[in-house]
Amino acid sequence: MNTRGSAAIWGVVVVLVVISAVLAWTRLAGLPDLGMLLEPDLTVRHVAVDRDMATEEQKFQRGDRLRAISSTAEWHEINNLRELRKLLGPLVAEANPPAVEEPDGYLTQEEVQRYDEELQAQWGDDVVALEYQLLRPVHRFQLPQGVEVEAGQLPPGVEEDDKLVKVDGGLLRGKVGPEGLRNIMANNPDAVLTFERTNAEFTGQIYVQRDTRNPGVLLTFLLALLLVGVVWRLHAESLDPEAAYCIGLGALCLAWIALLVLAFQWVLADQLLVAGVIAGLVLMRPLAIFARQFGQSDGLRGGLIALGLGALVAVVIIVAMTTEVFPHPEDALHGAALVMGLFVIYELAAAGSEGESLFGLGEREGYLGGVVVIALFAAMLALVLDPQTFQEERWRWFAVAVPSLLVFGDVLFAVRYGVNSAMGEVSDRHSRAELIRRYLREMGLEMPHTDLRIVARVDAATVEVGLTKSDVETRLCDDAMADAVEILFAEQTRVPLPEGVDRNSDPMAGIANAMGISLAVVLSKPRGSLKLEGNQVEMALIGKRQSSKGDVPSYASSETLDRAQELWTGPVASAALIEVVSKAAKSAGTVTGGAGSKNEEASPALRRKLERTREEVEQSQEEMAELIQQRDQAQVEAQRIQRRQLLEGITHRPNHPEVVGDLELLEPELVDGLHYLLDTPEPIALGGAVGAGKGFVAYCGHLIDGYDVDKMAIIDTAHRRAEARLNTILGDAGGGTGPGLLKGFEGSLHVRGAQRCDDGRLLALCHQCEEEQIRLYLSFESPDADRRSVFDGRSEVLQELLSHREVVIPRFRHRHGIRLSVLELWLEEWTHRYDKKIEGFSRMAEQALDAYDYPGEVAEAVEIVRLAVLACEFDVIDRENLPLRVREARPL
């Protein structure tokens with residue numbers, strides 16, 4: 001059999017990759033990068049900030065709508081993205097390069113040459129200029145200071161319908177007419193006036209490359225072709241060709257998915273390309289599921305169901321997109337990405353359930369689980385930090401990065417192991433017994449009331465493997481069975497006999513009738529099974545009738561014989577081989593078959609062969625012992641990694657800006673108190689109102705202790721699984737469950753909401769952390785912590801242990817010395833996150849912030865600064881940018 005698979009089918013896969021590459025290349029040719037992302041109705045969603053060519057000329061802003069475009073004197077009105085796609089290619093082809101300003105007067109030959117060189121140096125040969133018209137729903141602009149206005153006239157650039165909305169940053173509630181505007185300018189000529197114009201129209205030029213072929217598209221499909229070739233020529237012999245075909249098609253799906261980041265704008269404008277990306281997203285994991293399950297007994301049915309379901313879902317989404325059930329092609333892509341995620345979760349759950357535990361995953365499933373966990377964590381982090389950017393931009397990168405890692409894992413698995421790799425499943429006696437038991441039980445469903453056994457001939461010894469009530473038993477055959485097996489192997493026949501064979505002349509027919517054998521079939525060696533050099537081992541499946549009931553068939557059907565060979569996979573054959581060879585080696589020279597047994601009459605030649613077999617088995621056992629040792633070491637390392645990941649998974653990191661070493665945000669007396677308490681290893685208790693900054697104080701203490709930022713773990717007792725998490729951290733030694741997670745951890749542990757823990761749990765945490773030399777911070781939410789201790793009402797033992805270690809965090813309204821520093825710190829943080837340029841607060845804003853009472857403590861102050869940054873449109877946060885409740889704290 002050709003283990004590489006059919007060359008014709010691989011040729012079809014290669015042709016599909018080539019056709020896909022040509023299709024994507026031609027459909028995207030002539031479509032330049034506009035430096036912005038447009039909605040289907042040509043509304044600007046995103047504008048690139050790193051345009052190299054004439055950045056000051058690019059007037060596009062978020063929310064603008066493109067109305068018309070031209071490369072010559074003729075304007076072309078456009079209504080949607082598809083119309084723009086059709087027009088853009090011809091317009092770029094006929095457009096002229098941008099022109100620099102030509103000097104007036106007669107030009108000499110040298111001046112003409114210098115002019116041409118300047119044009120070439122500025123733009124090159126491949127850049128052209130396109131004229132555009134856009135509509136801006138709301139346009140705000142400022143009038144320059146000191147502009148003189150004639151009587152009865154509006155200032156230059158101001159139209160009759162323009163509305164004056166701000167004077168020196170202050171909002172105007174009513175409409176100001178021309179006369180009022182002139183009065184304002186006359187009384188205060190230095191005033192900064194901000195106007196608002198609705199549905200403002202703009203024209204300008206946008207510069208694009210003439211040669212717009214994206215080499216990344218071609219390289220992506222070339223990479224897919226390379227992966228197909230790797231799977232074709234290098235996949236493991238134990239991998240079924242059908243599974244290899246599916247993994248190759250998965251690489252093609254990845255190439256289509258990559259278009260999401262290579263040419264997203266023009267993919268949205270082309271339904272054919274969108275359909276290809278949807279098919280890639282939806283079908284990639286069903287193909288992998290089919291490849292993974294093909295070699296199993298029920299893999300064809302389960303894999304076909306997954307593949308058929310994926311194809312059906314892809315067709316439904318594509319039809320819904322073409323019929324505009326999805327108003328936006330991106331909505332269809334969102335749906336396809338969601339379906340892909342569901343298939344990944346199903347694949348992980350199915351792999352775990354096959355191993356009887358979701359945490360008992362193999363190497364491939366562990367890789368898959370790691371990708372899922374990392375992707376979910378990164379996606380949630382991106383979504384929390386900037387939901388709008390994630391929804392509009394970053395989801396595409398996750399939709400490409402996750403499939404890339406998964407396809408890499410599929411290819412690596414195909415090359416290294418294959419679906420039916422034997423060594424990973426026969427490394428211990430229990431695993432081998434389970435494989436043999438499963439095989440015999442599945443065949444027992446085909447042949448009820450039949451005693452089934454696997455019989456093997458190892459040189460001159462005959463060994464059988466059968467089921468007992470509780471285990472798998474390996475023993476030497478009796479003389480009658482040894483004779484029957486000898487004839488079965490010598491004649492290469494079967495029971496029932498093939499059609500056309502004379503039952504009277506075939507010795508196996510009489511033996512089967514006399515011994516009650518209803519099934520006997522020689523099992524051929526499957527691909528992926530172990531090989532034993534120097535020994536000829538033949539194996540067969542034999543079944544003896546246990547009942548003479550009329551409804552039980554006398555002999556097995558041809559379908560049952562085929563089923564026996566189908567279920568005889570590489571791992572099962574390897575497990576049986578190790579068992580029978582081990583039994584033959586241990587039984588060499590012994591009498592186990594009773595008086596007159598053929599095994600008792602073993603000749604010296606047989607003994608020598610069995611001795612060689614024993615040596616080979618001992619060598620195999622040594623190799624197996626080494627393999628088991630490596631597996632045990634890998635399990636110990638995996639447990640260590642799992643323990644570290646579990647600790648990281650049930651905790652989270654501080655969410656403070658990077659202020660390492662900057663203790664100006666704490667009062668000097670608070671810093672001195674921390675230094676004093678940190679001189680001894682006992683826990684530190686922090687009391688204060690919700691949001692008062694207890695976590696930040698613990699964070700600063702952690703840094704004073706000399707630990708790295710990422711060495712602080714935090715657990716919140718308000719979480720619904722807090723009890724289970726604390727039990728996991730403490731372990732059996734601390735009254736919890738399991739080995740515990742504190743041993744070996746270096747750093748600090750911060751417990752939020754410690755008032756929810758009982759005294760026993762707090763004492764256990766204190767003792768465990770002190771024993772493991774872990775700094776413990778206990779935060780107590782107490783609004784009256786400045787009047788009464790957080791340990792009032794607690795046990796005397798806990799009070800004696802921690803009452804002298806209590807630090808009270810005052811309310812934020814009383815912390816005048818650090819208030820402005822905290823506000824300025826978070827101003828810098830939010831301006832960085834939202835990519836704004838804001839220098840500080842105005843005087844009136846500082847007065848309002850200073851007068852506010854901050855009932856929500858530091859947490860509310862952080863949110864106030866965030867809202868002000870979002871509302872600010874200039875380089876200084878004014879009073880009007882603050883929330884209403886803050887402004888009302890100091891009325892004008």
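**Reading strands and cores**

Guide: In this predicted model, strand E9 (residues 450–458) and strand E10 (residues 461–467) pair in the antiparallel sense, over six bridges. Valine 458 sits opposite alanine 461 in E10.

Visitor: What is the order of the six strands in the open sheet?

Guide: The order is E11-E10-E9-E14-E13-E12, with antiparallel pairing. Strand E11 (472–476) and strand E12 (494–495) each have a single partner strand, so one side of each is left without a neighbour in the sheet.

Visitor: Which helix lies across E9, E10 and E12?

Guide: Helix H15 (residues 479–491) does. Helix H15 also lies across strand E13 (517–523) and strand E14 (537–545), and runs at about 120° to E14.

Visitor: Now the cores. Which residues touch the most other members of the largest nonpolar core?

Guide: The general idea comes first. In soluble globular proteins, nonpolar side chains tend to be buried together. Here the largest nonpolar core has 87 residues, and Leu84 and Leu260 touch the most other members. Helix H6 (residues 241–257) gives the largest share of this core, 12 residues. A second, separate core holds 46 residues, among them Ala692 and Leu825.

Visitor: What does leucine 84 touch, not counting residues up to four places away in sequence?

Guide: Its partners include Leu34, Leu38, Ile69 and Trp266.

Visitor: Is alanine 275 buried or exposed?

Guide: Alanine 275, in helix H9 (residues 271–293), counts as buried because its relative accessibility is 14%, and the cut-off is under 20%. Leaving aside neighbours within four places in sequence, alanine 275 contacts Ile318 and Met321. The C-alpha atoms of alanine 275 and valine 319 are 9.2 Å apart, across 44 residues of chain.

How values were computed
Residues are numbered from 1 along each chain as its sequence is written. This is a predicted model: local features need pLDDT of at least 70, side-chain atom pairs count only at pLDDT 80 or more; totals for chains, interfaces and linings use all residues. Side-chain values use heavy atoms; hydrogens and water are left out. A nonpolar core is a set of buried Ala, Val, Leu, Ile, Met, Phe, Trp, Tyr and Cys residues joined through side-chain atoms within 4.5 Å. Buried means under 20% relative accessible area, exposed over 50%, partly exposed in between (1.4 Å probe, protein chains only). Helices (H or I, at least four residues) and strands (E, at least two) are DSSP runs, numbered from the N terminus. Contact means heavy atoms within 4.5 Å. Two strands pair if DSSP finds at least two bridges between them. Axes are lines fitted to C-alpha atoms, for helices over the stretch in contact, and angles run from 0 to 180 degrees between N-to-C directions.
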